[in-house]
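Let's take a walk through a protein model together, from its overall build down to single residues. Keep the viewer open and turn the model as you read.

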Amino acid sequence: MSGADDLDLVGDLAVRDPYAAFGALRDAEPVCWNDRHRAWVLTRHADVSAELRGQNLTAERISPFVRSIERQAPSEEVVETFRILENWLVFRDPPEHTRLRRLVARAFTPSVVKANVDGVAATVDQLAADLADHLADHETVDLIDAFAAPLPAIVIAQMLGVPPDDRRLFKEWSDQITALVFGAYGQADRFATGARGMIELRDYLVDLIEYYEANPGDNLMSVLLEHEGDDALSRDELVATCTLLLFGGHETTTNLIGNGTLALLTNPDQRALITREPDRIGPTIEEMLRFDGPARATMRLVAERHTIDEAVLEPGDRVFLINAAANRDPDVYDEPDRFDIERNPTNHLGFGIGIHYCLGAPLARLEGQLAIRALIDRCPKAALAVDPAELTWHPTMLSRGLTELPVALRPG
């Protein structure tokens with residue numbers, strides 16, 4: 001074994017610059033066993049995409065984890081939290097995944113997303129206008145806190161039918177659940193903190209579900225309550241699905257906007273290009289997803305014994321599929337470490353691939369396009385207020401997101 005066997009996947013280098021850490025691993029040992037985390041680590045685009053498309057791995061990793069922590073006598077809140085997570089469709093395999101995805105997909109059809117364009121655009125414009133005002137009045141502003149985080153939280157809450165006065169609650173709940181789901185290994189109380197957020201969110205959603213059962217409205221909650229033939233989401237499945245939508249719809253899009261904005265701020269030639277040619281916004285978002293997307297890695301368990309190169313993956317083994325390394329694979333992309341909005345990397349793995357491809361991708365793309373366009377138009381003189389090396393990233397295993405993004409007005 002090389003040094004890959006004890007690489008800390010949530011160590012400083014892997015969190016701060018996963019492209020260097022995992023790029024070196026991809027070049028030296030693209031399929032390797034990591035003894036520190038007791039898992040296989042796959043970094044080539046071909047391997048990651050093949051494993052996500054295939055049937056050798058299972059997404060059902062919550063139940064085995066629950067059995068492993070039961071020996072620690074967890075609190076009832078922690079047990080209930082993992083019961084909710086077990087019903088997330090991202091942690092299910094066919095045939096149950098197929099059924100759940102069919103019932104949930106009704107909420108994210110192109111017509112539903114299109115119907116929400118005006119509402120999303122209005123939210124983007126208001127937040128961008130407020131950000132521009134803050135920039136004019138303050139020395140620095142945190143773009144994550146002022147723009148990238150509230151936007152998707154407001155949008156998904158609005159679409160689900162959450163009253164406006166309650167939407168501020170979801171940022172705190174989402175942050176608490178993030179540490180649990182995405183693996184903040186350095187946070188000792190992540191189970192207790194995540195469970196507290198999940199239970200508070202569950203209790204809130206139960207009341208909201210009961211309201212819309214009696215008073216159907218023009219929102220995703222009411223759509224999810226509808227029957228499809230003889231089938232419908234159970235109460236537990238509905239609660240789990242709404243927690244997934246509120247969490248996933250917030251966290252992923254926040255990081256897409258934050259990471260993407262950073263890429264533009266640190267690549268002025270590309271920022272100038274998208275400013276001159278606004279019609280490039282679609283490919284720009286795809287390049288942001290490839291270059292520094294919100295999904296650093298995907299975790300699976302081995303279901304069927306199989307080999308990759310000479311490595312033998314046994315049932316029950318953990319596997320980390322490193323999206324970040326795959327999206328910068330030189331066998332797939334020319335000059336992969338260069339941010340280039342003139343390419344259109346339609347084969348990137350920013351939203352996954354295969355049966356678990358992100359259901360909310362159309363909505364995330366819409367929010368990303370409108371958000372980046374608004375930032376360029378409303379804040380044309382915004383500049384990074386610190387050296388890029390001073391930025392900090394959330395120390396999670398699976399996601400890639402900034403803790404803050406300080407911006408200021410560029411002189412002149």
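A word on conventions comes first. This is a predicted model, in which local features need pLDDT of at least 70 and side-chain atom pairs count only at pLDDT 80 or more, while totals for chains, interfaces and linings use all residues. Residues are numbered from 1 along each chain as its sequence is written, and side-chain values use heavy atoms, with hydrogens and water left out.

The chain has 18 helices and ten strands; helices (H or I, at least four residues) and strands (E, at least two) are DSSP runs numbered from the N terminus. Its radius of gyration is 21 Å, close to the 22 Å that the globule rule gives for 412 residues, so the chain is as compact as a globular protein of that length. The radius is taken over C-alpha atoms, and the rule is 2.2 Å times the number of residues to the power 0.38. Along the principal axes, the C-alpha trace spans about 60 × 60 × 40 Å.

How much of the chain is buried? Of the 412 residues, 56% count as buried, where buried means under 20% relative accessible area, exposed means over 50% and partly exposed is in between (1.4 Å probe, protein chains only). The chain exposes about 17,800 Å², and carbon and sulfur atoms supply 49% of that area; accessible areas come from the Shrake-Rupley method with a 1.4 Å probe, and for residues only the protein chains shown count as cover. There are 40 positive and 67 negative side chains, and the centres of the two sets lie 2 Å apart. Here Lys and Arg count as positive and Asp and Glu as negative, without His and the chain ends, and a charge is placed at NZ of Lys, CZ of Arg, CG of Asp or CD of Glu. Among contacts between residues at least 6 apart in sequence, 74% join residues at least 24 apart; contact means heavy atoms within 4.5 Å.

Now look inside. The largest nonpolar core has 93 residues, of which W88, F147, L160, L224 and L405 touch the most other members. Helix α14 (residues 235-265) gives the largest share of this core, 14 residues. A second, separate core of 19 residues includes Y19, A297, M299 and I322. A nonpolar core is a set of buried Ala, Val, Leu, Ile, Met, Phe, Trp, Tyr and Cys residues joined through side-chain atoms within 4.5 Å.

L402 counts as buried because its relative accessibility is 3%. Leaving aside neighbours within four places in sequence, L402 is in contact with I144, N255, G258, N259, L262, L391, T392, W393 and H394. One of these, L391, is eleven residues from L402 in sequence and 7.3 Å away, C-alpha to C-alpha.

In helix α13 (residues 220-225) you will find V223. V223 and V104 are 119 residues apart along the chain, yet their C-alpha atoms are separated by 8.8 Å. Beyond its neighbours within four places in sequence, V223 is in contact with R106 and A107.

A311 is in strand β7 (residues 311-313) and counts as buried at 13% relative accessibility. Not counting residues up to four places away in sequence, A311 touches V31, W40 and H306. N34, found in strand β1, is buried with a relative accessible area of 1%.

Finally, turn to the backbone. Most residues other than glycine have a negative phi, and most peptide bonds are trans. Which peptide bond is cis? The bond from P94 to P95 is cis, with omega near 5°, and P95 is in the loop between α5 (76-86) and α6 (96-105). R38, which is not a glycine, has a positive phi of about 55°. R38 is in the loop between β1 (31-34) and β2 (39-42) and is partly exposed at 48% relative accessibility. E335 also has a positive phi, near 45°; E335 lies in the loop between α17 (323-326) and α18 (361-378) and is exposed, with a relative accessible area of 51%.
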